[in-house]
Amino acid sequence: MSIKIDKTLEKEYKKEQQKKADKMMSFFVIGFFAFGLCFAPIYKTWLLGAGVGTFNVFIFFISLIFIKNKFISQLITSVVLAIFVLQFIGQSQGMAEFHFLFFVNIILLILYEDWRLVIPYTILTIIHHSVLLYLQSAGFIGTENYFINYGNSNLYVLIVHYIMMISMAILVGWWAIEFKNKSLLSFITQQQLSLQSNNIQKNVDFAIKLSSNHFDLNFKPQDEIGKHLLNTQNNFIQAIEKDKQEMFKTKGLLAISKILRDYANLKELAKRLLDDIIMRMDAQQGAVFLFNQKGEESYLYPLVHQSYSSEQKAKVKIRIGEGILGEIVKKKQVVYLQNVPVDYGVIRTGLGETAVKNILIIPLVFNDDIVGAIEINTLFEIPAYKIDFLKTVSENIVTTILALQSGEENKRLLLEAQKLTSELQTREEELMAQEEELKQNMEEMQTIQEELQRKQAQLEAENEALNNSKILRIEFSPEGYIKNANQSFYDLFEYSEQELYNQPHKTLVPEYLLDSEVYKNFWSDLRTGSKHIGEIKRITKSGREVILNAVYAPVFDKVGNITSIIKFASDITEVKNLLQTSQTQEEELRQNMEEMKTTQEELYKQQAQFEAELNALNDSEILKVEFTPQGFIKNASDTFYKKFGYTPEELAHKHHQLFVSEQYKNSEEYQHFWKNLNEGKKIVGEFERITKNGEVITINGAYAPVFGRGDEVVSVIKFAFDITTTKKLFKEAKEKNEELLTQEEELRQNMEEIQSVQESLEKQLNETNMLKRDLDARINVFDITTILSESDLRGNILYVNKKMIDISQYTEDELVGKPHNMLRHADMPKALFKLFWKTIQEGKIFRGIIKNRKKDGSHYWVDAAISPVLDENGKPVKYIGVRYLIENDLLAEKLFAEMCKNLGI
């Protein structure tokens, strides 16, 4: 099976491999040289040992250092190794054992993983043997000691040597090719895994920032997960921007509607509207124009304007179709002009005059008739949502202007009617038509006003609900000045909204804290984007000090700048005072210790007894069980099964009501219990439950709904402790307390013991919460990197994580309860799954490369590890599968082929 290898990675691997091979070969060359010197005194072959050895070392290192072409350098190394073989055979005077060095040195050439290097090595050795055999056969004196040191050397012996050398050369060449392929594949796999690991870490870091609402606009995704995370960030930013725009529109509509209701004078109305619009549009100039027609002349005149120059004010009439304004109004279309000509107009500031940059003109049109226009001039660009807002409110403005104009016109007509009674008859029909039109306009305006009043009432109701809650909320500017707060905050601190508006935060801080380093660093940390969580002391208007459990959180815009700081808090002053009272009482009890020394020995005995009982309590374990939303058991921990005396098979798919009494099972309270869990509400408290043998035990537990993608409850997780022993201890402590009321020291002892029990329980609860947080963190990491599932002994799926749902394209409902072979691909051999089931049924872990099928029929490769979950007898009770996606099909097919070969499939 051929694999496409990245040329860059192959070149990098080859460079690294050659460097390692050269380093190892240097040690062997120096070793051969030293061996030759040590061997020279035996046969008096100093010339061969020192001369040839020195030549070999010199040639090897010269080629290694100065020849840039690595292949040529390696060919020279091949020749050097062959010469060393000839040198040792010569030094030993043909000793047959030293022919073994031929095989040693040719195997060393495998280090370079190039089959071509065995060719010069083998040729040189063949030439050497051929020449020496010829000389020995021709009778040259002395040659019989330098080839094979026995007398019957002949052509047959030479041929045997040739066959052995050529066979070894072929074998070593094949090994070099195999080692190169496997080492290269291993190197590339390692590089790819390292790259994937780096990408996963980058994605995790980005996800952590994203979960904290810290947006990284420079994040560049390297894989699909990164792209999805980047899309999630973009969606968050868009949602925030959309909420901002919707809030702008809602507040603007309410403000404009209020202005339209409050002003009856047209000019005053226009001035107030213009001021508000300029403020909301962040503009510098503006004007409201009204339409007028005298005879055939139609023109606009400025009713009110703001920040106009004297030249602009001089234009008291603008004919329809004349200039920019007249042309736009004639077309009756909203126009937004950017980078207008310099001579259009100027904006005066305290530092001089600046040319207008952008113009927004909103024609005021009713039933295709021109009523007027609104012109806004600004130095900065106007966002599209603000333009849309102005388009929307312009309809209400037109209606109100027409209503006021109609009212003024009616007044004028009535005066003229009193003066010109002779024209009453001819004008009556005209007045009636205008009155009907006015009535229609008023009805339309009333409908609009009723809708705005309904929206305003809804907003006021939501604000009232927040103000009536016990949660304190206040918003500060980044500089620490109060912007707004809810009514609960004003009530606690005894201020009105006007008294606190734009006041510095230090107004609420006791004087003795203002100069502390903690307070100085408080606002500097918030301005850098850090959150502040903890207990704080503040002071009310009357000087009363309160203690709050507060959270200060900076609010960022889409570019990461802090726009405001939100604080949510709760008043814990009474709780702290109660704690202080408890500590005072405890101090009084300690002062009475000296008065009760006579009973010390008896108390020590009681203390030892209680400590033993508490140690037994501390050895208890966490009980964990998972239910369906309807209350049927899905799975549980071993400690749960042991505590209630059931086996997993006995509790499989059984309802929670198995553990409660008949009376409680049939009560409305029990029905509400599961109804609240199905609605997503957590339930925490103490509960009485019944074991298999009928024993009633008391547990302290928490039932927590688990939500799916659509915010529906998919399961209910319960964590609990058996506190039956604790209840018993409390009961015994109470009885002993009643018996020893006359002995204050015994009362103190009992109080301390009860406090120890509480501390132990709190410690266990904290450990449980830590375990839950660890579990949540691990689940989040698994959902990003790992395909995870659980199945029963028959292969039916019990649980899948988000990663498996995304990869397989099935929903959770489509997978859970179904056999696992629904994901099996047709290419997978049956023999592999037979071996797979045999392995895990024996209680062993199966590890292998698997090809699975997606819902759409396509495939995906995974590196899978299936582990059985064993009971106390070592028997499997279910199976957990962990898989890692292999995105490179060629690599997966290569690994699969090797696995099948190793398993004999």
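Hi everyone, thanks for having me. Please keep in mind that we are looking at a predicted model.

Let's begin with the strands. Find E21, residues 846–853, and then E22, residues 859–870. These two run antiparallel, and eight bridges join them. Together E21 and E22 make a hairpin, with five residues between them.

Now move on to strand E23, residues 876–886. How many bridges join E22 to E23? There are ten, and this pair of strands runs antiparallel. Here you can look for Asp863, which stands opposite Tyr884 in E23. E22 and E23 form a hairpin with five residues between the strands, and Gly874 has a positive phi near 80 degrees there.

On to the aromatic rings. We describe a pair of rings by the distance between the centres and the angle between the planes. The model has 28 aromatic pairs. Take Phe28 and Phe32: their ring centres are 6.4 Å apart and their planes meet at 40 degrees, so this pair is tilted. That angle falls between the cut-offs of 30 degrees for stacked and 60 for edge-to-face. Both residues belong to helix H1, residues 7–43, and they sit four residues apart, which is about one turn of the helix. Are they buried or exposed? Phe28 is partly exposed, because its relative accessibility is 33%, while Phe32, at 10%, is buried.

Our next pair is Phe673 with Phe687, and this one is edge-to-face, with 6.2 Å from centre to centre and 75 degrees between the planes. Phe673 lies in helix H22, residues 668–678, and Phe687 in strand E16, residues 683–690, so the pair ties together parts that are 14 residues apart in sequence. Both of these phenylalanines are buried. They also belong to a cluster linked by ring pairs, along with Phe627, Tyr664, Tyr670, Trp674 and Tyr703.

Before I stop, here are two places where an arginine meets a ring. Arg116 lies over the face of Phe71, 4.0 Å from the ring centre. And over the ring of Phe522 you'll find the charged end of Arg538, at 6.0 Å from the centre.

That's my tour, and I'm happy to go back to any of these spots with you!

Conventions: Residues numbered from 1 in each chain as written. Predicted model: local features only at pLDDT ≥ 70, side-chain atom pairs only at ≥ 80, totals over all residues. Heavy atoms only, no water. Pairing = 2+ DSSP bridges. Phe/Tyr/Trp six-rings, centres within 6.5 Å; stacked < 30°, edge-to-face > 60°. Buried < 20%, exposed > 50% of the residue type's maximum accessible area, 1.4 Å probe, protein only. Lys NZ or Arg CZ within 6 Å of the ring centre and 35° of its normal.
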